[in-house]
Amino acid sequence: MLATAEETMTPPDELQPGQLIARAIKAAGNNLYAVELPSKDSILVELPSRFRSTIWIKRGSYVVIDTNALEGRDNKISGEIINIVRDEKAWRKAPYWPKEFVRQETWVSSDDEDDSNVGKLPPSDDSDA
């Protein structure tokens, strides 16, 4: 279990043909996940048994999928999760990181602070007099 967790911490030097980075959209049940590709298409992928009950995938996190892994099967599953991005900062530095997955900024600009009522007292009734 520890080896699987450590394997996901560092990005590989390069991705093999058929491997892509995708963003998890939702869990579809039975170890299946709907993921969004850099092209904005969404596909269904399977989580292999080595990751089950070891690493959890939450919505919005990134995974590496292999679209060639399950091509012999005739069903709706389009690929298999082969790695899970845990140290996103290190993975974003890799040359193969899709430019379509732009980092979401979480800070509030200073322009919005003037309009905010956070930390301010409500207007007093005396100001109308």
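Before anything else, my burial scale: buried means under 20% relative accessible area, exposed over 50%, and partly exposed in between, with a 1.4 Å probe and protein chains only. I was working on a predicted model, in which local features need pLDDT of at least 70, side-chain atom pairs count only at pLDDT 80 or more, and totals for chains, interfaces and linings use all residues. Residues are numbered from 1 along each chain as its sequence is written, and side-chain values use heavy atoms, with hydrogens and water left out.

**Entry: two serines**

Is serine 61 buried or exposed? I found it buried, because its relative accessibility is 15%. Serine 61 sits in the loop between E3 and strand E4 (62-66); helices (H or I, at least four residues) and strands (E, at least two) are DSSP runs, numbered from the N terminus. I then looked for contacts, meaning heavy atoms within 4.5 Å. Setting aside neighbours within four places in sequence, serine 61 touches Ala22, Arg23 and Ala24. Its side chain also reaches the backbone oxygen of lysine 58 at 2.6 Å.

Serine 39 I looked up next, in the loop between E2 and E3. Its relative accessibility is 47%, so serine 39 counts as partly exposed. The side chains of serine 39 and aspartate 41 make a polar contact of 3.2 Å. For that term I used a pair of N or O atoms within 3.5 Å; within protein, one must be able to donate a hydrogen and the other to accept it, and residues adjacent in sequence count only if both atoms are side-chain atoms.

**Entry: the strands**

I count strands as paired if DSSP finds at least two bridges between them. Strand E1 (residues 19-29) runs antiparallel to E2, joined by 5 bridges, and glycine 29 stands opposite leucine 32 in E2. Their hairpin has 2 residues between the strands, and asparagine 30 in the turn has a positive phi of about 50°.

On to E2 (residues 32-36) and E3 (residues 42-46), which pair in the antiparallel sense over 5 bridges. Here I saw tyrosine 33 opposite valine 45, and glutamate 36 opposite serine 42. This hairpin has 5 residues between the strands, and lysine 40 takes a positive phi near 75°.

Which way do the residues of E2 point? Leu32, Ala34 and Glu36 go one way, Tyr33 and Val35 the other, and all are buried. In a regular strand the side chains alternate between the two faces of the sheet.

E3 also pairs with strand E5 (residues 77-84), in the parallel sense over 3 bridges; leucine 44 stands opposite isoleucine 77 there.

**Entry: the largest pocket**

A pocket, on a 1 Å grid over the protein atoms alone, is an open set of points where a 1.4 Å probe fits, with protein on both sides within 12 Å along at least five of seven lines; lining residues have an atom within 4 Å of a point. The largest pocket holds about 190 Å³ of space. Its lining includes Trp56, Lys58, Ser61, Ile84 and Glu88.

**Entry: the whole chain**

I ended with the overview: 3 helices and 5 strands, in the order α-β-β-β-β-β-α-α. Of the 129 residues, 33% count as buried.

Terms used:
Grid points are joined across faces, edges and corners, and a volume is the space filled by probe spheres set on the points.
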